[in-house]
Amino acid sequence: MSTAGEVLWFEDLAPGQVYRTASARLEAEAMKAFAAQWDPQPFHLDEAAGAAHPLFRGLAASGWHTACLSMRLIVTGPFRIAGGQIGAGMDELRWPIPSRPGDVLRVETEVLECRPSRSRPEIGLVKVRHTTFNQRNEVAQICTPTLVVPRRAMRAPMSAAG
């Protein structure tokens with residue numbers, strides 16, 4: 001596992017490893033501001049509209065807000081990939097329950113698969129599951145991306161610092 005500031009290379013990763021982030025609190029005003037700019041649906045913008053919605057029954061964060069907050073937690077947490085979080089695609093993105101004002105979210109990343117690239121020897125492909133939990137340990141989001149991860153043995157001398 002990496003510590004603060006340490007970066008992870010393909011060789012550092014193995015199936016079964018789990019990385020846990022810090023947490024972040026969702027605030028109603030931030031939810032509404034995000035929704036106003038990116039997902040302006042009434043149930044994300046207004047408490048009364050959210051309460052009247054048969055699925056949400058209250059103000060609900062946009063799933064994209066939950067995804068963005070999760071990404072920030074991942075990028076600033078211990079799962080720091082050399083060269084950054086570069087996705088090659090995603091098999092799954094689900095929001096089993098809505099995120100609400102006051103929810104405190106955290107992310108657990110589990111490494112599922114690691115395989116060297118056949119066509120590009122300087123990288124590996126790592127499939128992970130990012131699970132976002134709220135303060136009640138309920139799953140608010142699940143996504144399973146495949147990440148492009150540089151191989152330590154193939155890094156260029158210029159990238160030695162990162």
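1. Leaving aside its neighbours within four places in sequence, with which residues is phenylalanine 56 in contact? The partners are Phe43, Gly50, Pro98 and Arg100, where contact means heavy atoms within 4.5 Å.

2. The model is predicted, so to speak of local features needs pLDDT of at least 70, side-chain atom pairs count only at pLDDT 80 or more, and totals for chains, interfaces and linings use all residues. Residues are numbered from 1 along each chain as its sequence is written, and side-chain values use heavy atoms, with hydrogens and water left out.

3. Phenylalanine 56 sits in the loop between helix H3 (47-52) and helix H4 (63-76). Helices (H or I, at least four residues) and strands (E, at least two) are DSSP runs, numbered from the N terminus. Phenylalanine 56 has 14% relative accessibility and therefore counts as buried (under 20% relative accessible area; exposed is over 50%, partly exposed in between, with a 1.4 Å probe and protein chains only).

4. There are 3 aromatic pairs, that is, rings of Phe, Tyr and Trp (its six-membered ring) with centres within 6.5 Å; planes under 30 degrees apart count as stacked, over 60 as edge-to-face and the rest as tilted. One of them joins tyrosine 19 and phenylalanine 79: the centres are 5.1 Å apart and the planes at 50 degrees, so this pair is tilted. Tyrosine 19 belongs to strand E1 (residues 18-25) and phenylalanine 79 to the loop between H4 and strand E2 (86-94), so the pair ties together parts 60 residues apart in sequence. Both tyrosine 19 and phenylalanine 79 are buried.

5. Phenylalanine 43 and phenylalanine 56 also form a tilted pair, because their ring centres are 4.8 Å apart and their planes at 35 degrees. Phenylalanine 43, in helix H2 (residues 42-45), is buried at 15% relative accessible area.
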